[in-house]
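Here is a friendly briefing to read alongside the sequence and the 3D view. Please keep both open as you go through the points.

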Amino acid sequence: MVRERCDAWAHAGGLLTIDLAAIRANYALIAAEVAPARVAAVVKADAYGLGAAQVAPALLDEGCRDFFVAHLAEGLQLKSCLPEAARIHVLNGAPPGAEASCAAAGLLPVLNSWEQAMAWRDLAAGQQRRLQAVLQIDTGMSRLGLSAEDVTRLADVPAFFDQVEITLVMSHLACADTPGAAANQKQLERFEALAGLLPPAPRSLANSAGSFAGSAFHGDLVRPGLALYGAGPFEGLASRMQPVLRLDARVIQVRTIQPGTGVGYGLTFTATRVTHIATVAVGYGDGWPRRLGGRGAAYFKGVRLPIIGRVSMDSMTLDVTALADGELSPGDVVELIGPHQTLEAVAADADTVAYEILTSLGGRYARTYAGEAVRSPLEVIA
């Protein structure tokens, strides 16, 4: 295992270290917060870019039995990583024509529209068996879910529930990341009213932020995503979660430029003094946002090293003048996400959200999965 990690790091420009123990700890913290409600895990987009094949089994060991993905293809892939006892829910439902594949795999589609509900009912009738599914209600986000009219319409078709067993009724909060927003209470009230028209079934409304919004929002099942991965959708929550990942980049070259020298595409940075610069092997092809040029930074031994010029596809350039001569050399690594720079800080510098940074991290990094506190790459590969 150590040899494999060394080889992978030797061949890559960056190292992404993922702490599965921290993910499990975050799950346990949420479980304690929402008990007696159950806790699911949202592992769509390859567990927010961190590797569903590794993350989902770790959460299974922690007691998770409900997993949510976005697409049927994700669910089919995840199925090979989990035992039959795990319930895999497909948030976007089964695409038209793929209902039979979804049922054959034992996946639970989220029925988001009248058309999806009728297609699933028709499949059940054709197979002469009762099929399970999740029903989503739109309570104000206007993204996915049956309208109030369609919920009422469905409630008037009792034969539907003879053919489709609803294992969960769910909705999604639009403003949970703003605690105290009036929209949250309105959605809760609308959800309870509409769900009350349907046959009894477990209910789920809360995402990561909703899990910390109070017991009224917990229902029977909460569906955290971002919080599992160490980030907080609102100020203050991140400090309660354990950091999950560390990202380091390899230094390719160190050089000195003179005043008046430009750097990078478009020469958007021009040195005003003698400047020591370092080029590192991570760029927007690795999911490091291009807009961090002139705004973001890396760290070395706790020293902030600003990104100068534009971020390129495969590299970017840092101003390392703050370091002593010869302190940074080719082959050294700089911290992009870690103890000196959080995921949320990177997202703020890039004028985006932590979700986007996480799910954009590319496949070119060497990856290692740690079961303890995230360490530097040199410690990991030692």
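Ring pairs link Y48, Y229 and Y355 into a cluster. Rings of Phe, Tyr and Trp (its six-membered ring) are taken as a pair if their centres lie within 6.5 Å; planes under 30 degrees apart are stacked, over 60 edge-to-face, and the rest tilted. This is a predicted model, in which local features need pLDDT of at least 70 and side-chain atom pairs count only at pLDDT 80 or more, while totals for chains, interfaces and linings use all residues. Residues are numbered from 1 along each chain as its sequence is written, and side-chain values use heavy atoms, with hydrogens and water left out.

**The chain as a whole**

- The chain's secondary structure comes to 13 helices and 19 strands; helices (H or I, at least four residues) and strands (E, at least two) are DSSP runs, numbered from the N terminus.
- The C-alpha trace spans about 80 × 45 × 40 Å along its principal axes.
- Of the 382 residues in the chain, 51% are buried; buried means under 20% relative accessible area, exposed over 50%, and partly exposed in between (1.4 Å probe, protein chains only).
- If you take the contacts between residues at least 6 apart in sequence, 67% of them join residues at least 24 apart; a contact means heavy atoms within 4.5 Å.

**Aromatic rings**

- The structure holds three aromatic pairs.
- One of them brings together Y48 and Y355, with ring centres 6.3 Å apart and planes at 40°, so this pair is tilted.
- Y48 sits in helix α3 (residues 44-48) and Y355 in helix α12 (residues 354-360), so the pair ties together parts that are 307 residues apart in sequence.
- Y48 counts as buried because its relative accessibility is 7%, whereas Y355, at 36%, counts as partly exposed.
- F160 and F161 also form an aromatic pair, which is edge-to-face at 5.1 Å centre to centre and 85° between the planes.
- Both F160 and F161 are buried.

**Helix packing**

- Helix α2 (residues 20-34) packs with helix α4 (residues 52-61) at an angle of about 50°, their axes being 9 Å apart.
- That angle makes α2 oblique to α4; angles under 35 degrees count as roughly parallel, over 145 as roughly antiparallel, 65 to 115 as roughly perpendicular, and the rest as oblique.
- The axes are lines fitted to C-alpha atoms, for helices over the stretch in contact, and the angles run from 0 to 180 degrees between N-to-C directions.
- On the α2 side, L20, I23, R24 and Y27 take part, and they meet Q54, V55, A58, L59 and D61 in α4.
- The residues of this contact divide into six nonpolar, one polar and two charged; Ala, Val, Leu, Ile, Met, Phe, Trp, Tyr, Cys and Pro count as nonpolar, Asp, Glu, Lys and Arg as charged, and the others, Gly among them, as polar.

**Backbone features to look at**

- Most residues other than glycine have a negative phi, and most peptide bonds are trans.
- A35 and P36 are joined by a cis peptide bond, with omega of about 15°.
- P36 is found in the loop between α2 and β2 (38-39).
- D351 lies in the loop between α11 (343-349) and α12, and counts as exposed because its relative accessibility is 61%.

**Single residues and their surroundings**

- T368 is in strand β19 (residues 366-370) and is buried, with a relative accessible area of 4%.
- The C-alpha atoms of T368 and L15 are 7.7 Å apart, although 353 residues separate the two along the chain.
- T279 has its place in strand β14 (residues 275-280) and is buried, with a relative accessible area of 17%.
- Leaving aside neighbours within four places in sequence, T279 is in contact with R250, V251, I252, Q253, S315, M316 and T317.
- H172 is in the loop between β8 (164-170) and α10 (182-195).
- Not counting residues up to four places away in sequence, H172 touches Q136, T139, M141, R143, Q187, L205, N207 and R223.
- The C-alpha atoms of H172 and Q116 are separated by 18 Å, with the two residues 56 apart along the chain.
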